[in-house]
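Colleague: I would like to learn how to read charged pairs in a model. Could you walk me through it?

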Amino acid sequence: MSKNKQEPSGCGCANIPISVIVIFLGGCYWLFTQRNNIDVSKFVSQGQQITTSIFNSTPTITATSTPIIAPIPKANSTKIPSPAVPSIAKITPNNQPTPIKTTIPKTTPLPANSWEKKAIRGIYLSRYQITNNADEKTIRERVRNYRSQGFNTIIHGVWGNGCTMYNSKVMQQNLGYKSCPNLFQDQWLDWLIDEAHKQGMQVHAYFEKGIKIDKNSPIFDLAIEKKWVVPGVDKTYPAIEHYVLDVEIPEVANFFKNILVEFVQRYPKIDAVQWDDYLGYHAELPGKVDRTAKLTTFVQQMITGMKKANSSVSFDICHHNPYWAKRYFAADWEKWNVDRVFIQVYNDANFQEELNYVKNYHGIAISEPQFHRLQALLDNPEVKSVLVFPASGKPEETAAKLNGLIKKQ
């Protein structure tokens, strides 16, 4: 039997020629020293190239026919189109977005219309407007309503038919009544004045019927008993018979003077008091008695007393033109020393003639029958003020109607 063949032991390095080993080591040394200058990828098959840095967010894209991993594009490689996204400006301290300038036009106040140019735009409210215990809310809302209709003055009745529409000590002491018998809240005029002034308006206290009373007056019987009444019946207005309190009697004259002084002291913020053509004697009273001078003296004394009590209050009249007032009512008011005069023009027949008087004084008083002349009045700069006295007895409706006409200008 032959011997078994023995296999060489060891790694076999002893069988490699020394020259080959030297060349190999020299090549390795050269490669080590030139590692930064040689593109190793040239010596590696592109199909076997593996990205070495897994931390690089932009690894190299290798072009293979059958890629195994979907490559992530490098920053400097061709960009792959992506869905359009709205462009949002990046805001940095040096890259602020250009602000959009909104140009707000300067507002020029609208020119005042011809109605608003009138110094006093007044509406008359009868003393009965505050009866039935009208409350504070009602009165204040009423004032605001007239302000919204374009009025700047409320002419409100505070006296009429021989009695006051407020509690009066003078009335109580002289006549035994503290006021008219109507129901009203004691603070009604305080509320009215306060709200009007808040709205930039004025309040003029109207002494309705002046020195005249009718048979429904609470003082009628007393006046007849004391012989305070001028003989005869005043039929200035055919619808009702009036009786004139004789201010030539000292007791009567002092009563009116004291009433007026009391009023302006109790309501120190009232803007004006106003009396009308009932401050006068009708020419057709029995007997040919000229009462003009005596009436002038009475009014002058009444005004003087009022001014001493409260000099800030204006004493105004709303009366007939000076010729008519003196001729038919013994009212020579041009000598009364009043503050303002408003000419009543309720008769449409003599309207143009009346305007000749109006332009010389402070304004005109009209009613609904004169509304068709409103435009001419507003366009006339010589008509300084317009007072509206509702003949219908419905001031809110009258105010709304007038406001509608003004808006059509």
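Modeller: Gladly! A salt bridge is a side-chain nitrogen of Lys or Arg within 4 Å of a carboxyl oxygen of Asp or Glu. Side chains of opposite charge can pair when their charged atoms come close. Here, K212 and D234 meet this way, at 2.6 Å from N to O. This is a predicted model, where local features need pLDDT of at least 70, side-chain atom pairs count only at pLDDT 80 or more, and totals for chains, interfaces and linings use all residues. Residues are numbered from 1 along each chain as its sequence is written, and side-chain values use heavy atoms, with hydrogens and water left out.

Colleague: Are K212 and D234 buried or exposed?

Modeller: Buried means under 20% relative accessible area, exposed over 50%, and partly exposed in between (1.4 Å probe, protein chains only). K212 is buried at 1%, and D234 is buried at 1% as well.

Colleague: How many salt bridges does the structure hold?

Modeller: There are 16. One of them joins R144 to E195, at 3.3 Å from N to O. R144 lies in helix 2 (residues 136–148) and E195 in helix 4, so the pair ties together parts 51 residues apart in sequence. Helices are DSSP runs of H or I with at least four residues, strands are E runs of at least two, and both are numbered from the N terminus. R144 is partly exposed at 37%, while E195 is buried at 5%.

Colleague: Which residues are linked with R144 and E195 in a network of salt bridges?

Modeller: E136, R140, D194 and K198 belong to that network along with R144 and E195.
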